[in-house]
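Dear colleague,

Please find below the structure that I am handing over to you. My notes on what was found in it follow directly after.

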Amino acid sequence: MKRRSPGSLAICLLLLLFLFGILEVIASANRVHENNNNNNNNNNGSSSLYWSTAKDEVDLLTKPQAQQEDDSDSDGGFSSLEGMLQWAIGHSDPAKLKETSQDVQRLSPTELNKRQTELKELMEKLKMPSDAQLMQIALDDLNNSSVSLEDRHRALQELLILVEPIDNANDFNKLGGFAVVIQELNHPDSDIRRIAAWILGTASQNNPVVQRQILELGALAQLIKMVKSSSVEEATKALYAVSALIRSNVAGQELFYAEAGDLMLQDVLSNSSIDIRLRKKAVFLVGDLTECQLENMERAELPFFSSHIFLKSVVDQTASDDLDLQEKALVAIKNLLHLRMADPLVFKEFCGLDAALERMRQQLHNLMSDEVLRDYAMDMESLRGEVELIFRRKLGELELCDR
């Protein structure tokens with residue numbers, strides 16, 4: 001499957017510039033030639049055609065600015081080929097355009113007709129396809145069992161770009177696109193599976209309509225399995241897709257728990273040898289899930305959120321040297337502490353949260369002496385202090401209840 005690059009588009013526009021100029025001259029030449037045949041006795045004194053166009057190069061080049069504005073559409077950014085011509089003329093050399101016109105004037109009527117046919121065929125080939133057409137071309141490649149692995153990879157890369165705009169993502173399912181991409185999650189090649197998961201995550205980002213469509217097609221269970229892949233790249237993109245599918249989506253989160261997604265997160269966070277990118281995405285998803293729980297307090301809190309092993313796996317992320325992971329862990333811990341079932345003694349005695357917060361305080365204090373990291377360290381300390389305040393308040397409330 002071939003797709004034109006921006007450089008190819010520029011070439012196409014330049015060609016169209018000359019093609020339209022030529023066709024304009026051709027049309028005029030044909031009209032004049034017919035007039036000469038009909039009025040041959042009145043034109044004996046002329047040995048050549050008289051070129052009179054309704055719109056010559058000067059007219060085109062001096063077209064008012066208001067009329068040169070392009071109306072973008074889905075077929076390549078111009079409302080018509082004439083609009084494309086006007087844009088191209090405004091970005092071309094007038095002398096070259098005039099020279100091309102003069103070259104055409106020297107062609108015979110037969111040559112003009114032949115050239116006209118050739119140029120029309122060429123313009124048809126140069127017509128820029130819409131995004132919907134490009135998506136269909138890519139899907140046709142994916143549906144072709146005989147297509148090479150390289151072309152299948154290229155088709156998925158094209159779709160990854162095309163589904164990013166929300167309108168394209170919404171139209172993709174009308175083409176049967178998500179069902180085709182979901183099939184690729186079972187492909188034997190790990191990289192094919194990786195890009196397929198990436199496409200699903202990109203299309204469903206903050207898009208409830210697409211989230212529902214993909215969830216209804218049963219992709220979530222396979223994506224959760226892929227998080228356990230031995231390929232870090234595949235696992236990371238799979239978790240990215242899972243997170244995008246269920247973010248702020250209660251129905252998606254219920255399905256996530258039904259597919260043991262909570263245990264998958266616990267396994268990722270409990271293994272310190274797992275790639276840090278995967279742990280970042282996992283702890284970020286924990287923060288997102290707990291935030292959604294806090295926003296829907298009428299929902300029963302799941303036992304998963306009070307699991308000692310799970311809570312410790314989240315707190316342990318604060319021991320990482322990666323500040324970004326530490327920050328994501330603090331956000332998750334803050335949300336977990338706000339839950340009704342949060343037990344501060346579990347956080348203290350089993351998870352060691354008080355020691356973890358003190359260790360972070362000292363680390364951030366040292367970072368504040370670094371001019372480059374000072375502002376970030378101060379923001380982190382503010383978040384850490386907020387978490388400690390919630391934790392201490394919870395402990396104080398518990399102590400009051402015990403008296």
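**Salt bridges and their surroundings**

Arginine 277 is partly exposed, with a relative accessible area of 36%; that class lies between buried, under 20%, and exposed, over 50% (1.4 Å probe, protein chains only). Please note that this is a predicted model, in which local features need pLDDT of at least 70 and side-chain atom pairs count only at pLDDT 80 or more, while totals for chains, interfaces and linings use all residues. Residues are numbered from 1 along each chain as its sequence is written, and side-chain values use heavy atoms, with hydrogens and water left out.

The partner of arginine 277 is glutamate 233, and the closest N and O atoms of this salt bridge are 3.0 Å apart. The pair links distant parts of the chain, since arginine 277 belongs to helix α16 (residues 276–295) and glutamate 233 to helix α13, 44 residues apart. Glutamate 233 is likewise classed as partly exposed, at 39% relative accessibility. A salt bridge here is a side-chain nitrogen of Lys or Arg within 4 Å of a carboxyl oxygen of Asp or Glu, and by this rule the count comes to 19. Salt bridges that share partners also join Lys280, Asp322, Asp324 and Lys328 into one network.

Two further pairs lie within single helices. Aspartate 151 and arginine 154 meet through their side chains at 2.3 Å, N to O. They are three residues apart in helix α7 (residues 149–162) and therefore separated by about one helical turn. Aspartate 151 counts as partly exposed at 23% relative accessibility, and arginine 154 counts as partly exposed at 30%.

Aspartate 191 forms a salt bridge with arginine 194, with 2.6 Å between the closest N and O atoms. Because these two are three residues apart in helix α10 (residues 190–204), about one helical turn separates them. Aspartate 191 is partly exposed at 28% relative accessibility, whereas arginine 194, at 13%, is buried.

**Overall composition**

The secondary structure comes to 21 helices and zero strands; helices (H or I, at least four residues) and strands (E, at least two) are DSSP runs, numbered from the N terminus. Of the 403 residues of the protein, 42% count as buried. The protein exposes about 21200 Å², of which carbon and sulfur atoms supply 50%; these areas come from the Shrake-Rupley method with a 1.4 Å probe, and for residues only the protein chains shown count as cover. Among contacts (heavy atoms within 4.5 Å) with a separation of 6 or more, 71% join residues 24 or more positions apart.

**Nonpolar core and cysteines**

A nonpolar core is taken as a set of buried Ala, Val, Leu, Ile, Met, Phe, Trp, Tyr and Cys residues joined through side-chain atoms within 4.5 Å. The largest such core has 85 residues, and those with the most contacts inside it are Leu159, Leu223, Phe256 and Phe347. Helix α18 (residues 323–338) gives the most to this core, with eight residues. Leaving aside residues up to four places away in sequence, phenylalanine 347 touches Leu311, Val315, Ile333, Leu336, Leu337, Ala342, Gly352, Leu353 and Phe391.

The structure holds zero disulfides, a disulfide being a pair of cysteine sulfur atoms within 2.5 Å. Cysteine 292 is buried at 5% relative accessibility, and cysteine 351 is buried with a relative accessible area of 7%.

Helix α13 (residues 232–246) has 15 residues, which at 1.5 Å a residue should span 21 Å, and its end C-alpha atoms are 21 Å apart, in agreement. The expected span is 1.5 Å times one less than the number of residues. Helix α13 is mostly covered, with 13 of its 15 residues buried.

Serine 248 follows α13 and is found in the loop between α13 and α14 (250–258). Its phi is near 55 degrees, a positive value in a residue other than glycine. Serine 248 is exposed, with a relative accessible area of 61%.

Asparagine 206 also has a positive phi, of about 50 degrees, although it is not a glycine. Asparagine 206 lies in the loop between α10 and α11 (208–216) and counts as exposed at 64% relative accessibility.

With kind regards
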